[in-house]
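Subject: Structure handover and notes

Hello,

Here is the structure I said I would pass on.

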Amino acid sequence: MMMASKTKAIMQVHLDQRNNGGIGEDLLEYAETLSEALGMDTVKIHQEMQNGDLSHLVATFNKYFSDYIELLDTDQAIDL
């Protein structure tokens, strides 16, 4: 039996869906650090990421950085 393995991502980031503002800020920080390290146009990427809602921001982040960071949802709903 062959097991599929996903080895391209250097790092996995778990996103807490209860903290939407924090997600955007965190991803913008990651994008800045990565784009500078990779010699990409940081300003262009930041502007593109912020040119829509949170879903757009995440999709844009994935467009540029999915080879380096795999974004995962944390599915741990807390009943209050």
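This is a predicted model: local features need pLDDT of at least 70, side-chain atom pairs count only at pLDDT 80 or more; totals for chains, interfaces and linings use all residues.

Residues are numbered from 1 along each chain as its sequence is written, and side-chain values use heavy atoms, with hydrogens and water left out.

Overall fold

The protein has three helices and two strands, where helices (H or I, at least four residues) and strands (E, at least two) are DSSP runs numbered from the N terminus. Along the sequence the pattern is β-α-α-α-β. Of the 80 residues, 29% count as buried; buried means under 20% relative accessible area, exposed over 50%, and partly exposed in between (1.4 Å probe, protein chains only). The accessible surface comes to about 5900 Å², and 50% of that belongs to carbon and sulfur atoms (Shrake-Rupley method, 1.4 Å probe; for residues, only the protein chains shown count as cover). Among contacts (heavy atoms within 4.5 Å) with a separation of 6 or more, residues 24 or more positions apart account for 61%.

Core

The largest nonpolar core has 16 residues. Such a core is a set of buried Ala, Val, Leu, Ile, Met, Phe, Trp, Tyr and Cys residues joined through side-chain atoms within 4.5 Å. Those with the most contacts inside it are Leu15, Leu27, Met49, Phe61, Phe65, Ile69 and Leu71. At least two core residues come from each of strand S1 (11-16), helix H1 (20-38), H2, H3 and strand S2 (69-74).

H2 against H3

H2 and helix H3 (residues 54-65) pack at an angle of about 145°, with their axes 8 Å apart. Axes are lines fitted to C-alpha atoms, for helices over the stretch in contact, and angles run from 0 to 180 degrees between N-to-C directions. On the H2 side the contact is made by Lys44, Ile45, Glu48 and Met49, and on the H3 side by His56, Leu57, Thr60, Phe61, Lys63, Tyr64 and Phe65.

Two further residues of H2 are listed here. Threonine 42, in helix H2 (residues 42-49), is buried at a relative accessible area of 16%. Neighbours within four places in sequence aside, threonine 42 is in contact with Glu32, Ser35 and Glu36. Histidine 46 also has its place in helix H2 and counts as buried at 18% relative accessibility.

Two aromatic pairs turn up in a search of the whole structure. Rings of Phe, Tyr and Trp (its six-membered ring) pair if their centres lie within 6.5 Å; planes under 30 degrees apart count as stacked, over 60 as edge-to-face and the rest as tilted. The rings of phenylalanine 61 and phenylalanine 65 have centres 5.1 Å apart and planes at 50°, so this pair is tilted. Tyrosine 64 and phenylalanine 65 form a tilted pair, 6.1 Å centre to centre with 45° between the planes.

Phenylalanine 61 is buried, with a relative accessible area of 0%. Not counting residues up to four places away in sequence, phenylalanine 61 touches Leu27, Tyr30, Ala31, Leu34, Met49, Ser66, Ile69 and Leu71.

Regards
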